[in-house]
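Colleague: I'd like to go through some of the labels on this model and hear what stands behind them. Could you show me the thing first?

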Amino acid sequence: MTGPRGRGAGGPMMGGPPVEKAKSFGPSIKRLLRLLLRYRLAMVVVVAAIVGSVIATSVAPRILGHATDLIFNGVIGARLPAGISKAQAVEGLRARGQGTFADMVASMNLTPGVGVDFSAVARVLGIVLALYLAASLLAWLASYLLNIVVVGTITRLRADVENKIHRLPLRYYDEQQRGDLLSRVTNDLDNLSQTLQQTISQFLNSVLTVIGILVMMVWISPLLSLIALLTIPAAGIATALIAKRSKPHFLAQWSSTGKLNGQIEEAFTGHELVTVFGRQRQTVEAFDERNEKLYDASWRAQFISGMVMPAITFLGNVNYVVVAVVGGLRVASGSLSLGEVQAFIQYSRQFTQPLTQIGAMFNLMQSGVASAERIFDILDAEEEVTDPSAPDTPDVDDGRIEFSNVSFRYTDDVPLIEELSLLAQPGHLVAIVGPTGAGKTTLVNLIMRFYDVDEGSITLDGVDTRAMTRRDLRSRTGMVLQDSWLFGGTIFDNIAYGNPTATRDEVMAAARASHVDHFVRTLPDGYDTVIDEEGGGVSAGERQLITIARAFLAKPTILILDEATSSVDTRTELLIQQAMATLRTDRTSFVIAHRLSTIRDADTIVVMEHGRIVEQGTHDELLAAKGAYYRLYQSQFAGALDA
């Protein structure tokens with residue numbers, strides 16, 4: 001059956017997307033982490049691999065500094081006289097007034113007259129090479145497993161969103177702009193996927209690297225470590241201030257993306273009408289306005305967040321200069337070896353690098369979290385009222401529908417249907433007519449439980465529809481709307497959608513009954529003709545006939561036609577009426593019609609105005625009463641009453 005799209009003026013007007021509510025950064029991150037922890041074992045291995053990689057890369061510079069010490073000690077030792085002890089060499093230097101050089105030699109591990117031990121240097125370099133190789137392999141393992149985790153998480157999140165969409169009430173879609181909703185389930189999910197893939201591994205590695213390097217720096221020199229640590233609060237303050245200013249712009253960026261997608265989708269869908277009414281200039285102006293808002297939000301978000309990395313880089317360079325100067329003085333005084341200072345300077349550069357990476361990642365993280373919040377808005381949306389735990393089902397399948405004092409309104413302050421009562425006997429054709437906004441389509445939407453009544457009840461064969469499961473209720477109902485809905489596939493598949501278990505003969509029988517068979521046989525591939533979701537290759541009337549055939553194939557107890565013949569010509573309309581007269585045997589039918597010629601043979605005609613039934617009866621009875629139906633009929637067939 002076709003989907004419930006329009007409701008006329010009786011329903012709420014379709015507006016723009018809901019106002020974005022900025023959620024705090026922390027809760028969104030925690031929620032994403034809970035999603036990732038569905039792959040708990042893989043994440044444990046990822047963290048362990050990253051820890052191992054960080055340990056290897058953190059220890060390597062300290063060992064490399066030992067190689068520098070071996071070379072430097074050998075160079076200095078070769079300059080000293082051979083055959084004396086280190087203590088004698090130091091005393092000789094002091095005696096010649098070279099006290100500073102003597103202090104440095106005293107702190108070194110050397111033998112006077114002995115040069116560089118290249119075999120020892122080679123062993124140390126071999127250890128360093130092995131550490132870096134192990135770090136690379138562990139980093140590759142972490143990246144490989146993390147890719148599996150992220151792809152799996154996004155796949156499940158996409159499935160959660162898809163399942164959630166099917167549990168949302170029709171009211172939710174009425175309040176959303178379709179383009180914005182599509183942007184959330186496509187663009188925002190893709191953006192979140194890219195963010196997770198690009199930031200998780202790097203973020204963990206950067207944080208652990210900062211910790212590992214900090215431990216090694218304190219081990220080498222607490223004084224120099226204190227100098228280097230001054231970078232952290234400065235970088236943290238700079239990042240926090242910039243992130244605070246950039247987040248609203250990222251939210252605005254993705255909100256503007258959704259609005260722009262909605263405007264494009266509307267313009268493309270209604271391209272013919274835009275052209276007919278000459279509204280191209282206004283459409284382009286509306287696009288330019290929203291595109292400019294998107295540009296402004298994107299530019300501000302990228303510019304502000306892009307200030308993080310330059311700020312941290314500047315702080316790192318200042319830190320490097322201070323460490324180099326103080327470290328040189330410590331070497332000269334003999335407090336530190338040259339290898340230790342070299343290792344510390346390398347650590348200080350590595351220390352600021354992960355801080356810089358963390359700052360740069362806030363650019364991606366802010367964007368990704370903004371997308372995550374928009375996705376979570378869908379997942380957190382209020383769902384349809386759940387089906388009863390012990391559902392009831394009719395003992396018979398007659399199709400007796402009764403409205404008892406039904407009241408309903410889309411918004412609390414705008415009444416629509418008030419205390420409506422109506423009985424549709426099994427096998428009867430009930431036609432619902434009235435001006436636009438009278439509540440005609442709303443009436444059948446209540447039958448289908450696209451909405452639940454506020455007061456009163458609707459029963460099917462004596463059972464309150466709210467006591468039934470929606471699947472049970474809708475399996476007994478076939479519905480065809482004014483806007484035909486087809487999907488990409490063959491004509492046969494589109495008809496069989498109404499009953500996937502139907503045989504080919506049953507599908508073709510439904511097609512013949514709804515007069516689809518005739519035009520299908522004129523197509524080169526017949527029922528195997530492939531059409532797209534827009535029904536390309538068949539006319540609007542033929543698309544509608546296919547949807548009617550789909551509803552007939554479902555063999556419903558209740559048949560609902562909402563202006564279903566509005567897109568067919570007069571001859572086809574007559575053929576459909578004849579087919580319906582045969583097919584509605586033992587089937588209760590509701591027809592919403594503006595063309596009164598299509599419902600003259602209805603068993604009951606219900607005239608609605610302002611959500612109330614003002615008249616009901618047969619065609620002849622209502623004409624004789626000369627009430628609301630008479631005036632509608634005269635306006636279509638006899639001109640104005642005073643003509």
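Colleague: What makes E402 and R400 a salt bridge?

Modeller: The term asks for a side-chain nitrogen of Lys or Arg within 4 Å of a carboxyl oxygen of Asp or Glu. For E402 and R400 the N to O distance is 3.3 Å, so the pair qualifies. Bear in mind that this is a predicted model, where local features need pLDDT of at least 70 and side-chain atom pairs pLDDT 80 or more, while totals for chains, interfaces and linings use all residues. Numbering runs from 1 along each chain as its sequence is written, and side-chain values use heavy atoms, with hydrogens and water left out.

Colleague: Why are E402 and R400 called partly exposed?

Modeller: Buried is under 20% relative accessible area, exposed is over 50%, and partly exposed is in between (1.4 Å probe, protein chains only). E402 comes out at 26% and R400 at 30%, so both land in the middle class.

Colleague: How do you know that R409 and E418 form a salt bridge?

Modeller: Their closest N and O atoms are 2.8 Å apart, so they pass the distance test. R409 is partly exposed because its relative accessibility is 26%. A search of the whole structure gives 24 salt bridges.

Colleague: What does the salt bridge between R470 and D452 tie together?

Modeller: Those side chains meet at 3.8 Å, N to O. R470 sits in helix α15 (residues 470-475) and D452 in the loop between α14 (440-447) and β4 (455-460), so the bridge links parts 18 residues apart in sequence. Helices (H or I, at least four residues) and strands (E, at least two) are DSSP runs counted from the N terminus. R470 is buried because its relative accessible area is 9%, whereas D452, at 23%, is partly exposed. Both belong to one network of salt bridges with shared partners, along with E384, D387, R449 and R474.

Colleague: Is K555 buried or exposed?

Modeller: Exposed, because its relative accessibility is 56%. K555 also has a positive phi, near 50°, and its place is the loop between α19 (540-553) and β9 (558-562).

Colleague: What lines the largest cavity?

Modeller: L446, R449, Y451, D452, V453, I458, D464, T465 and R466 do; that is 4 nonpolar, 1 polar and 4 charged residues. A cavity is a set of points on a 1 Å grid where a 1.4 Å probe fits but cannot get out, and lining residues have an atom within 4 Å of a point.

Colleague: Which residues form the nonpolar patch on the surface?

Modeller: F203, V207, I211 and V215, with about 310 Å² of accessible area together. A patch takes residues with over 30% relative accessible area and no salt bridge, nonpolar side chains being joined within 5 Å and like charges within 9 Å. I211, in helix α7 (residues 178-220), is partly exposed because its relative accessibility is 49%.

Key:
1 Å grid on protein atoms, 1.4 Å probe; cavity = no way out; pocket = protein on both sides within 12 Å on 5 of 7 lines; lining within 4 Å. Nonpolar A, V, L, I, M, F, W, Y, C, P; charged D, E, K, R; others polar. Areas by Shrake-Rupley, 256 points an atom, 1.4 Å probe, with all protein chains shown as cover.
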